[in-house]
Amino acid sequence: MRPIQAIELRALGPEDKFEFAEMFYSAFNGWYWRHGWAADYFSGGPATVEVFFTINDQLDPGCGIVAVNPGSGRMMGGCFYHPRARHVSIGSLIVHPNYFGRGVGKALLRHIVDDADRAGYSTLRMLSSTFNIDGFSLSNRAGFTPRCGYHGMAIPVPLRGIEERTAGMERVREATAADIPAIAALEMEMSGISREPDYRYAIEQRQEGMFVAVLEGKGGGLDGYMVFLKRGALSLLGPGVARTAHDAASLLLVVLDRFKGLAPMVLAPMAGDALVTRLYHWGARNIEIHMQQVRGVFQPCAGVNFPGLLPETG
């Protein structure tokens, strides 16, 4: 199909929540059906994905962009982006099924990249599913280089919980606001990024199904942290980091006790053979593969890094 000649871009506002959720729901399900998934990616109707708009808009008001049809004013695509101290993170590029392949995603990405360049950011980061080759190629052509690969894994948790126990679990606890500086220092050391607003937001959202767990270090400080979300039909693990695969397993085993009878999704680093083997032992199965793509300066990850699908700020 030919590109659309006139694409109007404007900021997303709170009034756009329901139309954006409908587009988000249709875009994901439509794309995966067309490419052989043979099932809805999300189920339960657009209301189940309103949380993606809510969390992204609350984290960074005014940092959402939407492409609209200049004739009808209806949404053709949209995306949230997240300026942080050292980088800008770009969320999922959503395109309505009626406009697949017509340049909408390209226009959204170009707008965000140009804004970040004008603001002087040296690093832009985004996650791409390798199942969506078109989306992966779009960001790759825009200068984003694949840096890390991740298994998108669903971990089915029995009603009795995962029975394995390991040393270190006794050092895992729920985070408080007092932990924010230590979480920030750990992630800066492990991944070279800083996103204190996200830690604070997640800790404050406890009553809304978002939590943060930390792994205390034996000699002080922290050896890991993980944000996790259990809201409605969504069960997500990450973002988070841990110093070692064993630290990561300790965190996960404690966190997974909150998901009995569910199958939360985690993005586990392909380079972490020991951890991935353990996840398979727990019954985890691959859903899809994700690549972390970076445009500009990149610090290789130390330890174990779990990028998050929500918040999508890493």
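1. Ser194 counts as buried because its relative accessible area is 14%; buried means under 20% relative accessible area, exposed over 50% and partly exposed in between, with a 1.4 Å probe and protein chains only. Ser194 sits in the loop between α5 and α6. Leaving aside residues up to four places away in sequence, Ser194 touches Arg84, Ala85, His87 and Met188, where contact means heavy atoms within 4.5 Å.

2. Some ground rules apply. This is a predicted model, in which local features need pLDDT of at least 70 and side-chain atom pairs count only at pLDDT 80 or more, while totals for chains, interfaces and linings use all residues. Residues are numbered from 1 along each chain as its sequence is written, and side-chain values use heavy atoms, with hydrogens and water left out.

3. On confidence, the protein chain averages a pLDDT of 92, and 97% of the residues score at least 70; pLDDT is the predictor's confidence in each residue, from 0 to 100. Where pLDDT is low, predicted coordinates should not be read in detail.

4. The protein chain contains eight helices and 14 strands. Helices (H or I, at least four residues) and strands (E, at least two) are DSSP runs, numbered from the N terminus.

5. Along the principal axes, the C-alpha atoms fill a box of roughly 60 × 45 × 35 Å.

6. Of the 314 residues, 54% count as buried. Among contacts between residues at least 6 apart in sequence, 74% join residues at least 24 apart.

7. The protein chain exposes about 13,200 Å², of which carbon and sulfur atoms supply 53%; accessible areas come from the Shrake-Rupley method with a 1.4 Å probe, and for residues only the protein chains shown count as cover. There are 30 positive and 31 negative side chains, and the centres of the two sets lie 3 Å apart. Lys and Arg count as positive and Asp and Glu as negative, without His and the chain ends; each charge is placed at NZ of Lys, CZ of Arg, CG of Asp or CD of Glu.

8. Helix α6 (residues 196-204) has Asp198, Tyr199, Tyr201, Ala202 and Ile203 as its buried residues. Their cover includes α2 (50-59), α5 (180-191), β9 (210-216) and β10 (222-231).

9. Thr54 lies in helix α2 and counts as buried because its relative accessibility is 17%. Thr54 and Pro307 are 253 residues apart along the chain, and their C-alpha atoms are separated by 19 Å.

10. Ala271 is in the loop between β12 (265-269) and α8 (273-281). With a relative accessible area of 78%, Ala271 is exposed. Ala271 and His151 are 120 residues apart in sequence, and 9.9 Å separates their C-alpha atoms.

11. Two cis peptide bonds deserve a look. One runs from Gly238 to Pro239, with omega near 15°, and Pro239 lies in strand β11 (residues 234-242). Another runs from Leu310 to Pro311, with omega near 0°; Pro311 is found in the segment after β14 (304-306).
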